[in-house]
Amino acid sequence: MDFERIAALEYVDLYVAPGFADVKVRPGYHSPREEVPADLSSEIEDLRKALLERLSEVGSPEFSFRMGGKLHRVTAMTTAEDALTFVLRRASDGVRSLASLNVPKHVRAAAVDRGLRGLVLVVGAQASGKTSTLMAMFCERMRALGGVGVAIEDPIETDGLAGLHGEGRIHHYSASRHQGGYAEQIIKSLRHGADAILMGEIREPAAAQIVLREAANGSTIFSTAHAASIPEALARLCDFFPNTADGRAMLAHSLRFMIHQDLESSAKGSLLRCTTLSLQGADAKRIQQKIIDGRFSHIEEEIADQRKKALMQPA
């Protein structure tokens, strides 16, 4: 059963729980919630059974699932009543271009900079479009520079990523916990001879430590993390290390470009807002020292200064 009628609904997230099913209509903070139409109740129940079966097969609370020909990322959560709720997030239709995302021009310049060796990080809240921006930057780099790229997700939630992008080719792999998670897959990717690596999200100490170490050693790695601001993201990354001083030093020498973004919902849709920090220019050593010293709040001064200089550049 392909559940085409359910997949035809307008939603970003679909919540399937015992006794009800809801959709979140648009991305963004406090976007509208609606109930799934009652005439789909029997199909929702069939979907729930299919998800339970898939959960049993994969043995992981997060997995990929196709419905109506569309890829979904599924998260299974246990409620206070010891029942299961499934949250299905619909993947976008292929990888969007940076131009369509309306990001600042210096974001594209960073993505295609042949001299960029280190960590490129996109941060923001849940459903802020981090993954879309990350994928667009990664594919833009492969199209412009060619070579071999490796993309790792847990679970796979992006269609159209694997294959040729200009003169480059992207290999797309799953980083399930049963296969060693992100850390193991990054090690394998480095043996793969990849020119650039995309890791879906930094969310655990082992992955954070290996990403920062390999980026500091010169690997080009793109990833995302949850944070309300660039300074907060920097502090959180350091907390993944047993010794935060070591984390600050590793982060200072691995980070090359950072984007914080959020989506503002309106009647006309969602508006993307970006804040960036580059460690590729003449101010890089000063920013690195602030990170080493843990003066994360002072990074806002650097962000403001870079923003001012970007505005003064010719269009």
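A word on burial before you click: buried means under 20% relative accessible area, exposed means over 50%, and partly exposed is in between (1.4 Å probe, protein chains only). This is a predicted model, where local features need pLDDT of at least 70, side-chain atom pairs count only at pLDDT 80 or more, and totals for chains, interfaces and linings use all residues. Residues are numbered from 1 along each chain as its sequence is written, and side-chain values use heavy atoms, with hydrogens and water left out.

Start with His 298, which is partly exposed at a relative accessible area of 31%. You'll find His 298 in the loop between α10 (284–293) and α11 (299–312); helices (H or I, at least four residues) and strands (E, at least two) are DSSP runs, numbered from the N terminus.

Next, select Leu 121, Leu 234, Leu 255, Met 258 and Ile 291, which touch the most other members of the 39-residue largest nonpolar core. Such a core is a set of buried Ala, Val, Leu, Ile, Met, Phe, Trp, Tyr and Cys residues joined through side-chain atoms within 4.5 Å. Helix α7 (residues 205–216) supplies the largest share of this core, 6 residues. A separate core of 27 residues includes Ala 111, Met 137, Phe 138 and Leu 263.

Finish at helix α6 (residues 181–191), whose buried residues include Tyr 182, Ile 186 and Ser 189. The buried residues of α6 pack against β8 (147–153), β10 (168–174), β11 (196–199) and α7. After α6 comes Gly 193, with a positive phi near 80 degrees.

How values were computed
Contact = heavy atoms within 4.5 Å.
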